[in-house]
Amino acid sequence: MAAEEEEEYEAVLCVKPAVHVYRVPPRASNRGYRAAEWQLDQPVWSGRLRITAKGKTAFIKLEDKNSGELYAQAPVEQFPGIAVESVTDSSRYFVIRIEDGNGRRAFIGVGFVDRGDAFDFNVALQDHFKWVRQQSELAKQAENPEQGPKLDLGFKEGQTIKLNIANMKKKEGGTGNPRPRPAGPGGLSLLPPPPGGKSSTAVCPSAERPTPLAAPTQLPGTPITDSLLSWPQPAAPSAATADIWGDFTKASGSPSSQSQGNSGWVQF
């Protein structure tokens, strides 16, 4: 019952608004139809083409542009086939076999104004019958599921596989052994610092401790003066050097500067 309802459903596959119909002369041989032999400048009829599908059968319908009245209809049960044939000298023209429902048939020529419309016409029929073939294959597999291809994952006779277990043992050994702790003085292991805290100063072994520096020898006196006096001192100035400001002091005539001459400082 469900299959009958599905067959009654009619789907529209393609609609082209402008097509022309031509008279086709009888074919004298099996070399195919040629559009150049038709009277292309005098079409018999012009209107709209519509492709519909009802079940597995496709229908090419020629209808009036304005009223939608049916002019001719060509049922297609197989494509490519005798119901639709391409011409040998153009991609825009086809020969279709129309039927009137009373058993009478005739062949007419159909031409498209645009090559893109002819391409869409051809592809629509191809897609429909591709879907028909897929549905037939799925129905056969559903009826006989045991006849479908089976997936055999078993080992064939004489077939072997090779596993490298050495690398697996190394990985397991590497992850299982804990990291050794550093040894402290006397062979004692040191604990790591607590998380988030400052690490304590590492204790150096007695054999590796640096030797403390010797304290500097202090001279008698205050530490500052003794360290200054320990530097090399410059030589005492000569008499000529000491009397470099003599003329200036004499010219000034200041008694205070004469009285302070012995101290080594010059007063301005």
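Mentor: We'll go through strands, a helix and a surface patch. Keep in mind that this is a predicted model.

Trainee: Strands, then. How many bridges join E1 to E2?
Mentor: There are 9 bridges between E1, residues 10-23, and E2, residues 45-54. The two strands run antiparallel. Trp45 in E2 is the bridge partner of Val21.

Trainee: And what about E2 and E3?
Mentor: E2 and E3 also run antiparallel, with 7 bridges joining them. E3 covers residues 57-63. Leu49 stands opposite Leu62 there.

Trainee: How many residues sit between E2 and E3 in the hairpin?
Mentor: 2 residues. Gly55 is in that turn and has a positive phi, about 75 degrees.

Trainee: Switching to H2. What length does H2 reach?
Mentor: H2 spans 43 Å from first C-alpha to last.

Trainee: What happens at the start of H2?
Mentor: Asp114 has a side-chain oxygen within 3.3 Å of the backbone nitrogen of Gly116.

Trainee: Which residues in H2 are buried?
Mentor: Among them are Phe121, Leu125, His128, Phe129 and Val132. Asp117 is buried as well.

Trainee: Now the surface. Which residues form the nonpolar patch?
Mentor: Phe155, Ile161, Leu163 and Ile165. Together they have about 480 Å² of accessible area.

Trainee: Where does Leu163 lie? And is Leu163 buried or exposed?
Mentor: Leu163 is in the loop between H2 and H3. Leu163 counts as exposed because its relative accessible area is 66%, and the cut-off is over 50%.

Terms used
Residues numbered from 1 in each chain as written. Predicted model: local features only at pLDDT ≥ 70, side-chain atom pairs only at ≥ 80, totals over all residues. Heavy atoms only, no water. Pairing = 2+ DSSP bridges. Helix = DSSP H or I, 4+ residues; strand = E, 2+ residues; numbered from the N terminus. Patch = residues over 30% accessible without salt bridge, like charges linked within 9 Å, V, L, I, M, F, W, Y side chains within 5 Å. Areas by Shrake-Rupley, 256 points an atom, 1.4 Å probe, with all protein chains shown as cover. Salt bridge = Lys/Arg side-chain N within 4 Å of Asp/Glu carboxyl O. Buried < 20%, exposed > 50% of the residue type's maximum accessible area, 1.4 Å probe, protein only. Expected span 1.5 Å × (residues − 1). Polar contact = N/O pair within 3.5 Å; in protein donor to acceptor, adjacent residues only side chain to side chain.
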